Every structure is written in C-alpha cells, then in structure tokens.
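Have the sequence and the model open side by side as you read.

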Amino acid sequence: MQDKTKNTARHQFLIPSKVNIMVHPSAVSAHNVWLKFRSKKSSIKISDVDKYYKPLVRIICDRDHYLYFDDFERMSQISQEESKLKQPFIIIAGHDQQIVKMAWSEVLTLCFYRDVNHVLLWQHLKKHCAQSILRELMNCDVLRTEDYCRFAGIDQHQYEYQQRSLVDEIKELGLEQDASWLYEK
C-alpha cells in the first residue's frame, strides 16, 4: 500500500538569529555523541559565499520553531559564525525513523576522522544507538569490534592499541580500575 501523504519540500532562506532553530528531539542523543567526539579542527570559512551557493540544510517546521537532525557540522558553523546571515534551508516533512537514521549516520562519519578515539566512539555508538540502525548503516549482520574496524577502515591492531592506551590512561588518572567494558566485543 502506498503512503497517501505526499512528501514535499520547499526552499527557504532564513536568518538563524531571528528564528528558533534547534536539534530535533529524535536526534538529540546522536547530536550529543557527535558533540563529544567531533573534531575540534578549524572549518572552512564560507560566510562570504553567496547564499545561493551555500550547502542546503534540511529542517522541519514545527509550529513556531525549526528542527534540524543532521548536518551537525554545518549547523554548528552557522550558529557560531553565520547566524546573522541568510542561510539556505530545505523545509521538509518529518519522519522519526528517517530522522534517527540520518542523525546517527552523521555520528558514524566521525569514525573516518584521523583523530577520533575509536574505542570510546564505538562504546558510545553501541550504548546510545539502536543496534538495528547501526547494523543497517554499517551494512553488517552483527556488531563486533571487527565489524567496526572494517567499517572505519582501520586495522584491528590500531583499535587494540587505543584500547591499551586508554586502560593505561585510566590507571594513571586513578580512575575506575575495572576497565572490562573496554574489551566488550
């Protein structure tokens, strides 16, 4: 049976400082994990780029405010550096399952960054993201460390080295002595 509701989208320019834009409630958990693990690198300055050439960000209109659910890096850049400039948005209808997938796919892109702590990121993904979504996005049947390493494009020895380094760091700081959670498969 086909869905009777027609998915529509409309293009609109908004000035973020004059409207209420926030993270979609279904994407908050993914956004928090992204904030914890995102790279603290500099971003490319595109504030002087014409508004018609800037990347579009999808948002959902919810009464008196707008909700974003992916493109976390771009939204961070907009809120920090370009909030007083007109920005291009695509306003779409929301579908919670799709929003959750897109939010977590944004977090999964972090595993391709060079400076990410793979051990902690993998632990957070397994703890906060539904396993079915992880399996679908990572295109795997089970969620083992080997699957994460293959997906992230890293050698398992690299992962294990980070694991040992993290255990040593925990011991040096005098924190939790039971680090068995690091070795969960």
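Does Glu82 count as buried or exposed? Glu82 counts as buried, because its relative accessibility is 0%; buried here means under 20% relative accessible area, exposed over 50%, and partly exposed in between, with a 1.4 Å probe and protein chains only. Before going on, a word on the model: it is predicted, local features need pLDDT of at least 70, side-chain atom pairs count only at pLDDT 80 or more, and totals for chains, interfaces and linings use all residues. Residues are numbered from 1 along each chain as its sequence is written, and side-chain values use heavy atoms, with hydrogens and water left out.

Back to Glu82. Its salt-bridge partner is Arg74, with 3.0 Å between the closest N and O atoms; a salt bridge here is a side-chain nitrogen of Lys or Arg within 4 Å of a carboxyl oxygen of Asp or Glu. Arg74 counts as buried too, because its relative accessibility is 6%. Helices (H or I, at least four residues) and strands (E, at least two) are DSSP runs, numbered from the N terminus.

Another of them joins Glu136 to Lys101, at 3.1 Å from N to O. This pair ties together distant parts of the chain, with Glu136 in helix 5 (residues 131–138) and Lys101 in helix 3, 35 residues apart. Lys101 is buried at 14% relative accessibility, while Glu136 is partly exposed at 47%.

For a local pair, look at helix 6 (residues 145–152), where Asp147 and Arg150 sit three residues apart, about one turn of the helix. An α-helix has 3.6 residues a turn, so residues three or four places apart point the same way. The closest N and O atoms of Asp147 and Arg150 are 2.9 Å apart, making a salt bridge. Asp147 is buried at 7%, whereas Arg150 is exposed at 58%. Both also take part in a salt-bridge network with Arg144 and Glu146.

Now for the helix packing. Two packed helices are described by the angle between their axes and the distance between the axes. Helix 3 (residues 96–108) and helix 4 (residues 118–128) have axes that come within 11 Å and cross at roughly 165°; axes are lines fitted to C-alpha atoms, for helices over the stretch in contact, and angles run from 0 to 180 degrees between N-to-C directions. The two are therefore roughly antiparallel, a label for angles over 145 degrees. In the contact, Trp104, Val107 and Leu108 of helix 3 meet Leu121, Leu125 and His128 of helix 4. These residues divide into five nonpolar, one polar and no charged.

Helix 4 packs against helix 1 as well: their axes come within 11 Å and cross at roughly 170°, so this pair is also roughly antiparallel. Ser29, Val33, Lys36 and Phe37 of helix 1 make the contact with Leu120, Leu121, His124 and His128 of helix 4.

How values were computed:
Parallel < 35°, antiparallel > 145°, perpendicular 65-115°, else oblique. Contact = heavy atoms within 4.5 Å. Nonpolar A, V, L, I, M, F, W, Y, C, P; charged D, E, K, R; others polar.
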